[in-house]
Amino acid sequence: MATQQFGAVLVPILGDQLTRDLASLRGRTKDDTVILMMEVWDEATYVKHHKQKITLIFSAMRHFAADLRDAGWQVDYVKLTDPDNAGSFTGEVARAVERHSPRAIHIVEAGEWRVQQAIEEWPDKFDCEIEILPDDRFIASITEFRDWAEGRETFRMEFFYREMRRKTGLLMDGDKPVGDQWNLDKENRKPPKGEMDAPQRPLFEPDAVTREVIALVEDKFSDHFGSLEHFEWPVTREEAEETAEAFFAERLTKFGDYQDAMVHGEDDLWHSMLSTSINLGLLDPLNLCRRAEAAYEAGEAPLNSVEGFIRQIIGWREYVRGFYWYFMPGLESDNALNARRALPEFYWTGDTDMRCLSDSIRSTHNNAHAHHIQRLMVLGNFALLAGCNTRDVQDWYLAVYADAYEWVELPNVAAMVLYADGGKLASKPYAASGNYINKMSNYCKECRYSPAKKTGEGACPFNPLYWHFMDRHRERLEQNHRIGRIYSTWDRMGEEKQRDYLDSAEAFLDTLVPAAKGWARQG
Ligand SMILES: Cc1cc2nc3c(=O)[nH]c(=O)nc-3n(C[C@H](O)[C@H](O)[C@H](O)COP(=O)(O)OP(=O)(O)OC[C@H]3O[C@@H](n4cnc5c(N)ncnc54)[C@H](O)[C@@H]3O)c2cc1C
Ligand code: SF4
């Protein structure tokens, strides 16, 4: 469209772009800028997000808008209940263009493919200049990842991570890693020792703004998953900062050691609980890494914890974002293992005797959070072994976690958990029997199943499911140098034992009640 000269520059700020350092605000003057923030129905419902997730995002947006106004910015804030709310970003930008006749729209690229596709249509829709800026809150740009990935057959995080270490200089001693090792993950797999009693992170009482959003969510999204009984997430930069401070002061020291541990009733353990704030834009990821590095340099935290924390952020977080953009849109429909089983209903109700699963689902329901190993080795492992439908599993993860945005959820779920990409991300499927969970948690002690029992009544279902999975994917996995050797164990068992495993798995799979339609998406 031909561009006409009108008024100020319109700067739409999306719900996960809540920082004054945003590229679209940089260098702008307050009298020549109208900031647009929009609560829209499409975004709140494209999957039926956990009630705490919607509350978190809307409350953080409202607090951020107030903060911008206090700082003198002109903010046009559209609430969900605005009677003329168009329900979509594009519809709301169209209304804002009517109201403000901007000479240009400057927006930072969206985190999610779906939203970015809509933004890229704006130049054809609106009669003003549209500038889409890179999201430089990430350390690696989308192009940088593409340049790294181009021509590779496998895309291991480890090599990308080393590039990020070199780029940022984090934990580097010249061109060598501090301590002469890039990755101390092997030190970070200690099983829990009884009750862990990790220090409590700060919990925040909802203020008036949050209470208003909670009432809105209870009213408009009452059929969404999750409880709002204890909404305690940080919703402002100050609260997020307090959470980060507490983590560095009290929990970073043991973050590494117990990164993979799971303890009944201790939902946070030594994890940072910062993902919601980082993903919203309330905390800067690089700044957090520099602070972790400073704690190591000051002798306040061990290298395995600090390297582990930094790797999660400049390694995994950056990597999955690059991976998402490199493999979208195909990643969404990849299904290399042809997984088709409907997601069991207990993912939504928590109603299962498998204690590891019921505990992880309870935490998910009550807090919109479960930590990494629960997501990967309990909830994900079950979905992988049972062959649950990739789409159902993706929708579940996207809906239930307060930190879930497709750019970070999808690579973790489709590629890491479900191996749906056929091994581009992971060198082997993260498949495990009950032994792993028994070693890394205290769940099994009180479970109705026994991890020591391999088949039949009372056997931990992960045991026969593991072999059922291995057997049905033999053709593909036997060639895999990291997992292929397992088939000699399988073959040595003999036919009768194998049959016992397979029958036991099938008998268990037959008991699974599929989730009704309508939990994750409008029915
Ligand atoms: C199946 C599955 C789904 C996941 N979905 C999400 C999601 O939707 N959103 C999300 O932010 N994280 C996701 N993760 C990654 C991880 O589980 C969460 O980031 C973490 O549990 C958040 O809690 P924390 O802040 O206490 O993390 P910590 O354990 O303290 O880790 C520190 C930070 O590292 C980053 N991080 C750690 N692991 C990953 C990872 N695998 N990918 C990206 N960033 C990582 C996060 O920013 C996190 O805050 C998923 C992992 C799995 C296995
Ligand atoms: S016995 Fe099996 S199902 Fe029960 S808690 Fe342990 S791993 Fe989970």
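Student: Of the 523 residues of the chain, what percentage count as buried?
Tutor: The model is a predicted one, and burial here means a relative accessible area under 20%. Applied to the 523 residues of the chain, that criterion gives a buried share of 60%.

Student: What radius of gyration does the chain have, and what would a compact globule with 523 residues have?
Tutor: The C-alpha atoms fill a box of roughly 80 × 55 × 50 Å along the principal axes. A compact globule with 523 residues would have a radius of gyration near 24 Å, and the value for the chain agrees with this, because the chain has 24 Å.

Student: How many helices and strands does the secondary structure of the chain come to?
Tutor: Among the helices are α16, which covers residues 390-400, and α12, which covers residues 303-327; one of the strands is β7, at 176-177. In total, the secondary structure of the chain comes to 22 helices and seven strands.

Student: Which residues come nearest to ligand 1?
Tutor: The shell around ligand 1 holds 29 residues, and they divide into 16 nonpolar, nine polar and four charged. Those that come nearest to ligand 1 are His271, Ser272, Met273, Asn279 and Asp403.

Student: How far from an oxygen atom of ligand 1 does a polar side-chain atom of histidine 271 lie?
Tutor: A polar contact needs a pair of N or O atoms within 3.5 Å, and the pair formed by histidine 271 and ligand 1 meets that cut-off with a polar side-chain atom on the protein side and an oxygen atom on the ligand side.

Student: Which residue places a polar side-chain atom 2.9 Å from a nitrogen atom of ligand 1?
Tutor: Leucine 274 also has an atom 2.9 Å from ligand 1, but there a backbone N or O atom faces an oxygen atom of the ligand. The residue whose polar side-chain atom lies 2.9 Å from a nitrogen atom of ligand 1 is asparagine 412.

Student: What percentage of the area that ligand 1 exposes when taken alone does the protein bury?
Tutor: Taken alone, ligand 1 exposes 820 Å². The elements that give two or more residues to the shell around the ligand are α10 (275-280), α12 (303-327), α15 (372-386) and α17 (406-417). Of the area that ligand 1 exposes alone, the protein buries 99%.

Student: Is aspartate 197 buried or exposed?
Tutor: Aspartate 197 is found in the loop between β7 (176-177) and α8 (208-220). A residue counts as exposed over 50% relative accessible area; aspartate 197 has 62% relative accessibility, and therefore it counts as exposed.

Student: Is aspartate 395 buried or exposed?
Tutor: Aspartate 395 has its place in helix α16, and, leaving aside neighbours within four places in sequence, it is in contact with Val47, Ala520 and Arg521. Because its relative accessible area is 8%, aspartate 395 is buried.

Student: With which residue does the side chain of tyrosine 401 make a polar contact of 3.0 Å?
Tutor: Tyrosine 401 lies in the loop between α16 and α17, and it is buried, with a relative accessible area of 1%. Beyond its neighbours within four places in sequence, tyrosine 401 is in contact with several residues, including Lys53, Arg375 and Trp396. The polar contact of 3.0 Å joins its side chain to that of threonine 364.

Technical notes. Residues numbered from 1 in each chain as written. Chains lettered and ligands numbered in written order. Predicted model: local features only at pLDDT ≥ 70, side-chain atom pairs only at ≥ 80, totals over all residues. Heavy atoms only, no water. Near = heavy atom within 4 Å. Polar contact = N/O pair within 3.5 Å; in protein donor to acceptor, adjacent residues only side chain to side chain. Areas by Shrake-Rupley, 256 points an atom, 1.4 Å probe, with all protein chains shown as cover. Helix = DSSP H or I, 4+ residues; strand = E, 2+ residues; numbered from the N terminus. Nonpolar A, V, L, I, M, F, W, Y, C, P; charged D, E, K, R; others polar. Rg over C-alpha atoms; globule rule 2.2 N^0.38 Å. Buried < 20%, exposed > 50% of the residue type's maximum accessible area, 1.4 Å probe, protein only. Contact = heavy atoms within 4.5 Å.
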